Amino acid sequence: MKKQLKKQSVKKIWIFYGIVFVLLFLLCLLFPYSGDDWAWGSQIGLDRLENWFDNYSGRYFGNLIVLALTRSNLLKAVVMAFCLTGIIVLVNKLTGEQKNGVFIISTVLVFMPITILRQAVVWTSGFANYTTSIFLTLIYIYYVNNIYGKEKPKNSIAAALPLLILGFANTLIVEHLTIYNVILAVYVIVFTLIKFKKVYIQHIAYFIGTVAGTALMFSNSVYRSVADGSDSYRTIGSEDGIIIKALKAYFGTIVPEGFFNNFILNIFLVGTCVVIWFSLKNKLSKKTKILGGICIAVMVAFAASTLMLRVASLTELRSLLIAEGMATAVYILAFIVFLFILPVETNRKIKLFFILGSTGCMIAPLLVVTPIGSRCFFAPYVMMLYLAMEFYSMFDSRVKKKCDQYSKVTIITAAVGLIFLFYIYGTISICDKERVEKAQTDAQNGVQTVQVEELPYKKYVWCSDVKKEIWQKRFKLFYGIDEAVEIEQISSSQKW
């Protein structure tokens, strides 16, 4: 009877995953190509490939992905839906496949900050690097999740070769995840050696793959240009020094993009911490309880402030940026102390620190490099969601039953968010097709200056304008418009 119920439960959850995939596929079909997509999908992308991306980037695997996705909207939608659904599946499996887990994870992803959504998911060039990399990384994290168990992991030797390939591929997509994957590979080997007094060939294989991939990535001549300062687009450090550069990056980009914009995730993460705290605090001494209470108060205040500031949409003066930066530093410290004093078993605590530390490792390289954009924070966003779901999995059965009673509310919330995105990107998709068809028709009819409307809701699309000459050239190449034709961008008619 129990086996039958378990089979039914497994079948039910995979039906949910299938529904999520179909909905995401339909949504991703609506995402327009924009900005550098026009370059990758035209002769420019083929020229980069012919030169094997020399002096362009060492993101060899990511570059190949974007070359393929910009040549087929159907393929793009399938791959996007597969990776996004895969992230939901992996995070849910990593945290014990909670009954309401798939809906919670989906909801938090649907309500991710627009700035991250448009750059890391909607923009094909961003997706090919920033979403695929965290998806593939989660595959390895899921594979090694058994190292936190009490018994020695039992892994098939046959997995060594696929893991070597996975490690190699993971380090050829985007630089800060390249660095993270090498650290991840070393961490797993050292952890299992200390805990089980054993080194696994599978873990070694992944490590070798990451080292080989990293060596190949940074052998690209572009990184020598970056290192000697001759690259005008990418830099390490600044004339003011590494410390000043790091402070500017922290206060100006990392704090708002990596923390304050994530108010929905912050509320969920801190909310799970509050529930765990009140269920476990009586196991602590009086002094430790006071310290934990202070930490919880700081975390709640931070989550509330992110909500208020982002809803209010205040103009960020320098004083406000400094205040946000200091508040974030105190929040991070409070979170670390909270994890230290939390009365849970050692393996669970180590896993919690691993997830939090992983988030930090993904963000740290962004302190000293430029440019950094919202897309760089998609991986940390997923890891913080993973951390929140790990806390959620720690709820006792009584609390979980109460949470399960509100599963319909979670489903409705996710559905409303998804419907909103369908409306936004459906409108954008229609207008994008209309403006492209009009431009192509006008050019074929001999019009010397073609007018191209800007897209509606353009804050949901990255680099959709064609005002600059570089984007006009790429727009014409991608859509087969004569290079001699001039392009004039006009305001949206707002007819939708």
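Which helices each supply at least two residues of the nonpolar patch? In this predicted model, the answer is helix 3, which spans 43–50, and helix 4, which spans 60–69. The patch itself lies on the surface and is formed by Leu46, Leu49, Trp52, Phe61 and Leu64, which together have about 400 Å² of accessible area. One of these residues, Leu64, lies in helix 4, and because its relative accessible area is 36%, Leu64 is classed as partly exposed. Trp52, another member of the patch, is likewise described as partly exposed, here with a relative accessible area of 42%.

The ring of Trp52 is paired with that of Phe53, and since the centres are 5.2 Å apart and the planes stand at 40°, the pair counts as tilted. The two partners can be set side by side in terms of accessibility: Trp52 is partly exposed, whereas Phe53, at 0% relative accessibility, counts as buried. A second aromatic pair, that of Phe82 and Phe135, is edge-to-face, with 5.8 Å from centre to centre and 80° between the planes. This pair links distant parts of the chain, for Phe82 belongs to helix 5 (residues 73–94) and Phe135 to helix 8 (residues 124–143), and the two are 53 residues apart. Phe135 has a relative accessibility of 8%, and therefore counts as buried, the limit being under 20%.

Elsewhere in the chain, ring pairs join several aromatic residues into a cluster, whose members are Phe260, Trp277, Phe302, Tyr331, Phe335, Phe338 and Phe391.

Aromatic rings also take part in contacts with charged side chains. Arg48 lies over the face of Trp40, at a distance of 4.6 Å from the ring centre. In a further case, the charged end of Lys76 is placed over the ring of Tyr33, 4.7 Å from the centre of that ring.

The last stop is a polar residue, Thr178, which lies in helix 10, a helix that covers residues 175–196. Is Thr178 buried or exposed? Its relative accessibility is 0%, so Thr178 counts as buried. A polar atom of the Thr178 side chain lies 3.0 Å from the backbone oxygen of Thr171, a separation that falls within the 3.5 Å used for a polar contact.

Methods:
Residues numbered from 1 in each chain as written. Predicted model: local features only at pLDDT ≥ 70, side-chain atom pairs only at ≥ 80, totals over all residues. Heavy atoms only, no water. Patch = residues over 30% accessible without salt bridge, like charges linked within 9 Å, V, L, I, M, F, W, Y side chains within 5 Å. Areas by Shrake-Rupley, 256 points an atom, 1.4 Å probe, with all protein chains shown as cover. Salt bridge = Lys/Arg side-chain N within 4 Å of Asp/Glu carboxyl O. Helix = DSSP H or I, 4+ residues; strand = E, 2+ residues; numbered from the N terminus. Buried < 20%, exposed > 50% of the residue type's maximum accessible area, 1.4 Å probe, protein only. Phe/Tyr/Trp six-rings, centres within 6.5 Å; stacked < 30°, edge-to-face > 60°. Lys NZ or Arg CZ within 6 Å of the ring centre and 35° of its normal. Polar contact = N/O pair within 3.5 Å; in protein donor to acceptor, adjacent residues only side chain to side chain.
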